[in-house]
Amino acid sequence: MLAFAFAGHAYAKSEVCHPTTEKQVASLFDRWNATLQTGDPQKVVANYASKSILLPTLSNKPRLTSEEKVDYFKHFMEHKPVGTINSRAIEINCNSASDSGLYTFKFDDGSEVQARYTYTYKWNGKQWLISSHHSSAMPEKN
């Protein structure tokens with residue numbers, strides 16, 4: 001019995017939580033939005049963890065690979081989108097965080113789309129990266 005207790009303890013893993021604040025989590029959207037302004041989809045995709053999912057606003061296709069994300073952002077960025085947060089709720093856990101709410105994207109042709117969003121982030125030991133990003137246009141017209 002004692003050997004079993006030691007064996008169980010030997011495999012116990014303690015996780016060290018990376019400290020963060022709501023302001024820091026909110027700045028992750030600003031970082032992502034700033035990379036949109038570069039016109040380089042590779043820079044946008046660099047915000048995503050290698051194992052992540054993008055459920056984009058203007059496409060029905062889930063994007064799982066970096067290549068699929070680049071393809072989406074290449075087309076999305078053609079219209080020079082600029083995102084603005086309208087309202088948000090942030091939750092912080094040990095080495096993960098979520099930012100959910102409403103945002104508006106304005107495009108260079110004067111059009112805009114209002115959408116609901118959720119970003120989940122994971123701390124990878126060096127930086128916060130997006131592990132999932134869901135965005136969907138508002139279903140009801142004002």
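Here is a short briefing on the side-chain links in this structure, plus a look at one asparagine. The model is predicted. A search of the whole structure turns up one disulfide, and the structure also holds three salt bridges.

**The disulfide**
- Cysteine 17 and cysteine 94 are joined by a disulfide, with an S to S distance of 1.9 Å.
- This pair links distant parts of the chain, 77 residues apart: cysteine 17 sits in the loop between helix 1 (2-10) and helix 2, and cysteine 94 in the loop between strand 2 (82-93) and strand 3 (96-106).
- The link of cysteine 17 and cysteine 94 is left-handed, at -105 degrees about the S-S bond.
- Cysteine 17 is partly exposed at 41% relative accessibility, and cysteine 94 is partly exposed at 30%.

**The salt bridges**
- Aspartate 99 pairs with arginine 88 in a salt bridge, their closest N and O atoms being 2.9 Å apart.
- That pair links distant parts of the chain, with aspartate 99 in strand 3 and arginine 88 in strand 2, eleven residues apart.
- Aspartate 99 counts as buried, at 0% relative accessibility, whereas arginine 88 is partly exposed at 33%.
- Aspartate 71 forms a salt bridge with arginine 63, with the closest N and O atoms 3.1 Å apart.
- Here arginine 63 is buried at 6% relative accessible area, while aspartate 71 is partly exposed at 32%.
- Lysine 61 bridges to glutamate 68 with the closest N and O atoms 3.8 Å apart.
- Lysine 61 is partly exposed at 42%, and glutamate 68 is partly exposed at 22%.

**Asparagine 33**
- Asparagine 33 lies in helix 2 (residues 22-36) and is buried, with a relative accessible area of 11%.
- Leaving aside neighbours within four places in sequence, asparagine 33 contacts Val82, Gly83 and Phe105.

How values were computed. Residues numbered from 1 in each chain as written. Predicted model: local features only at pLDDT ≥ 70, side-chain atom pairs only at ≥ 80, totals over all residues. Heavy atoms only, no water. Helix = DSSP H or I, 4+ residues; strand = E, 2+ residues; numbered from the N terminus. Buried < 20%, exposed > 50% of the residue type's maximum accessible area, 1.4 Å probe, protein only. Contact = heavy atoms within 4.5 Å. Disulfide = S-S within 2.5 Å. Salt bridge = Lys/Arg side-chain N within 4 Å of Asp/Glu carboxyl O.
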